[in-house]
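I opened this notebook to record what I looked up, entry by entry. The entries follow the order in which I checked things.

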Amino acid sequence: MRVFGLAASPRHGGNSESLLDVVLAELKAAGHDVVKQRLTEHKVEPCGGHSGCRKLPQCIIEDDFPALSEGAMAADVVVFAIPVYYWGVPAQFKAFIDRHVHYYSRRKYAARAIGLIVVAGDDGIEETLDQMHSFLCKGGHGALPWSEVNILQAYASERGEALANPELVEKARSLGRRIAGKLA
């Protein structure tokens with residue numbers, strides 16, 4: 001099975017990405033083919049609001065979004081790792097979400113399992129989950145109902161804080177095992 005992990009943080013090696021690495025290690029140990037992408041290593045421009053984009057075979061903006069989104073859409077498992085920035089997803093990830101308007105009502109993620117890792121310093125997890133619910137369910141991009149999305153919510157501020165917390169690390173391992181179990 002193909003697993004696609006997307007680290008949405010602009011901060012390399014931050015808490016959300018570190019927990020993603022733990023989840024992906026569990027999935028790899030279960031025998032799955034794992035690919036991890038860091039969003040900030042790709043050029044994803046904001047949506048330009050082109051009025052006819054859904055009539056075209058592909059978005060007119062030439063950047064890394066098509067390859068990145070196609071990789072995620074074709075995977076059997078997608079795990080998003082999202083830090084909370086000002087009560088929501090970081091701007092880079094919001095651009096990624098917005099660019100999916102091209103696929104609206106034409107294509108969904110093929111994933112049999114979706115995981116979300118949402119890490120906040122102290123507030124904003126609920127608002128971030130609302131954004132992801134809108135993207136995956138209301139926006140119609142996820143093929144699974146929200147009740148089947150596997151979610152890990154965590155609080156950590158300083159770099160390395162999540163990995164220094166054995167309880168959080170175990171929750172990430174458990175998330176990886178739970179997702180692997182859905183693929184068996």
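I call a residue buried under 20% relative accessible area, exposed over 50%, and partly exposed in between (1.4 Å probe, protein chains only). The model is predicted, so I took local features at pLDDT of at least 70 and side-chain atom pairs at pLDDT 80 or more, while totals for chains, interfaces and linings use all residues. Residues are numbered from 1 along each chain as its sequence is written, and side-chain values use heavy atoms, with hydrogens and water left out.

Entry on cysteines. I looked up Cys47 and found it partly exposed, with a relative accessible area of 36%. Cys59 is buried at 15%. I then searched the whole structure for disulfides (a pair of cysteine sulfur atoms within 2.5 Å) and found zero.

Entry on strand S1. Helices (H or I, at least four residues) and strands (E, at least two) are DSSP runs, numbered from the N terminus. Is S1, residues 2-7, enclosed or open? Five of its six residues are buried, so S1 is largely enclosed by the rest of the structure. I counted strands as paired if DSSP finds at least two bridges between them. S1 pairs with S2 (residues 33-38) in the parallel sense over six bridges, and Val3 stands opposite Val34 in S2. Between S1 and S2 the chain passes through helix H1 (residues 15-29), and this β-α-β crossover is right-handed. That word means that, with the strands pointing away from the viewer, the path from the first strand over the helix to the second runs clockwise. S1 also runs parallel to S3, joined by five bridges; Gly5 has Val79 in S3 as its bridge partner.

Entry on strand S4. I asked how many of the eight residues of S4 (residues 113-120) are buried. The count is eight of eight, so S4 is largely enclosed by the rest of the structure. In a regular strand the side chains alternate between the two faces of the sheet. Both faces of S4 are covered, with Ala113, Gly115, Ile117 and Val119 buried on one side and Ile114, Leu116, Val118 and Ala120 buried on the other. S4 pairs with S3 in the parallel sense over seven bridges, and Val79 has Gly115 as its partner there. Six bridges join S4 to S5 (residues 150-155), also running parallel, and Val118 stands opposite Gln153. From S4 the chain crosses through helix H4 (residues 125-138) to S5, again as a right-handed β-α-β crossover.

Entry on Tyr86. I found Tyr86 in the loop between S3 (77-83) and helix H3 (91-99). Tyr86 is exposed, at 74% relative accessible area.
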